Amino acid sequence: MKVLCAGLVLCVVVSSAFGQVALTRGPAVCRVGPTKAKIQWKTDPASAGAVEWGSSPALGNTTPATGAIKLHEVLVPGLTPSTTYYYRVLANGVPASGTFSFRTAHEPLHPFTRIAAFGDSGKANSEQYAVASLLGALEPEMVLIAGDVIYPEGESSDMDPKYFVPYAALLPGIPFYLALGNHDYETDCGQPYLDNFCLPPSSAGGERYYAFETADVLIVSVDSEFCDPGGFVCSPFWVVSEQLDWLEATLAASDARWKVVFFHHPPYSDGSHGDNLVAQIYLVPIFEEQGVDLVINGHDHSYQRFSPLVDGSPDPSGPRYVVAGTGGNGGSDIFPSPILEAGIEGHGTFLLDVSGNQIHCRFVSADPGSFGEVLDNFTMSKGPTTPTLALSAEVSPPGSTPFLTVSGEAGEGYGVFFSLGTGYLEVPPHGVLLIDPMVGGFLFSGTLLGGGALHALPIPPTPVLNGTRVYFQGAATSTEPSVGGLWITNVSALTIG
Ligand SMILES: [Fe+2]
């Protein structure tokens with residue numbers, strides 16, 4: 001992500017220098033799909049808006065101008081998946097923002113993405129700003145907020161100070177996806193939330209609940225207000241029934257490898273709110289029946305990682321539940337139950353690195369004294385992780401020839417990719433995260449005959465290579481006709497020198 005202005009204040013200064021109408025909000029990229037995205041911004045007074053965009057900073061394309069309005073949501077169509085695009089906003093035909101970039105969503109054959117998720121953020125306090133700063137360092141491809149986006153009552157007047165300003169450095173390049181929390185419902189049953197945020201609507205529920213896919217992951221945002229005491233005022237039974245039907249059908253219809261659901265009220269929590277029994281009764285059976293892998297909630301202001309559960313008991317075949325109400329609001333105590341695997345009282349973000357048939361999950365702290373530290377990590381795996389890669393040496397001098405061994409089941413097709421270390425993040429104990437074969441180079445491929453395959457890796461005798469770190473990762477296809485798709489191997493790293 002290239003953010004060419006540091007925040008809303010600076011953006012406004014830049015846009016003022018360019019034209020007659022200044023942006024009073026944004027820009028923010030939203031509803032980013034594989035082939036289209038929207039850009040949202042606000043001007044006051046109203047202006048005719050357009051987006052100038054392209055695959056390089058030279059831009060070159062311009063969307064049709066809107067009428068004179070204040071809050072703009074402009075569609076940028078005709079994009080290519082997994083591709084970086086650049087844009088700037090025009091107001092009354094004049095450039096009104098700096099130039100920003102975003103990346104389009106991924107199709108299933110590109111099963112790599114990084115997702116940050118937390119809830120209970122909209123306080124405009126130092127903790128919310130600290131989490132925003134952490135997100136800037138972690139560079140997720142999207143952010144999920146599991147409700148209570150705007151405290152205390154989800155009012156329109158709080159949208160800028162408690163959302164658009166704290167995340168101003170992120171919103172131009174990273175799409176945020178939200179879920180409604182009980183505090184967001186306090187004003188007009190959440191109408192300001194619907195009016196101000198740009199989310200991918202579902203045909204059944206509009207922006208109150210919706211689903212989308214990227215990188216072979218189905219992500220579902222649920223409106224869990226009906227789980228709140230008194231929630232029936234805004235969510236009468238027929239509205240809830242319609243959503244539950246939609247949820248079940250949406251999960252059943254998706255053939256994505258991973259199914260992740262996020263919403264506010266946690267079915268399982270060892271925080272002060274405790275287990276939400278309404279969510280357990282109405283939502284959990286659908287998750288269990290439809291093969292949901294991960295459920296992310298807020299409401300309690302702590303991080304809690306539960307076992308995979310079926311009917312409330314540990315069972316590796318069930319969904320895993322994580323509470324991450326750690327986005328800014330005050331911390332709350334944890335009272336550990338036997339199904340709690342990890343609990344952290346603090347602020348930060350839950351982070352998912354999707355890598356084919358594995359998701360590496362972490363909780364990263366944003367608190368003073370532990371900022372950026374990984375306080376919890378675990379890996380979710382689906383299906384086999386073969387073949388595996390192993391190097392004959394971890395360090396090899398220029399001119400040497402280490403070997404890379406590929407091991408797995410006979411008959412598996414495999415390919416191995418590599419990339420230089422530049423630009424990648426190495427976080428112990430997971431090694432290198434978000435290895436991306438679309439960016440790296442293709443090394444070799446073949447079919448395993450059994451027992452593994454050995455490949456020589458001749459390193460040029462060039463002293464300038466000293467210190468270079470090269471990462472290898474493989475992709476494999478199954479020999480089992482019933483197990484389709486791409487599996488991603490472990491990462492092997494080699495230091496030259
Ligand atoms: Fe809440």
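Is Cys227 buried or exposed, and at what relative accessibility? Cys227 counts as buried because its relative accessibility is 5%, where buried means under 20% relative accessible area, exposed over 50%, and partly exposed in between (1.4 Å probe, protein chains only). Cys361, at 0% relative accessibility, also counts as buried.

The model is predicted: local features need pLDDT of at least 70, side-chain atom pairs count only at pLDDT 80 or more, and totals for chains, interfaces and linings use all residues. Residues are numbered from 1 along each chain as its sequence is written, and side-chain values use heavy atoms, with hydrogens and water left out.

A search of the whole structure gives two disulfides, a disulfide being a pair of cysteine sulfur atoms within 2.5 Å.

| Disulfide | S to S | Angle about the S-S bond |
|---|---|---|
| Cys30 to Cys198 | 2.1 Å | 75 degrees |
| Cys189 to Cys234 | 2.0 Å | about -80 degrees |

The link of Cys30 and Cys198 is right-handed. It connects distant parts of the chain, 168 residues apart: Cys30 is in strand 1 (residues 23-30), and Cys198 is in the loop between helix 4 (191-196) and strand 11 (210-214). Helices (H or I, at least four residues) and strands (E, at least two) are DSSP runs, numbered from the N terminus. Cys30 and Cys198 are both buried.

The disulfide of Cys189 and Cys234 is left-handed. Cys189 sits in the loop between strand 10 (176-178) and helix 4, and Cys234 in the loop between strand 12 (217-221) and helix 5 (237-253), so the pair ties together parts 45 residues apart in sequence. Cys189 counts as partly exposed at 25% relative accessibility, and Cys234 counts as partly exposed at 22%.
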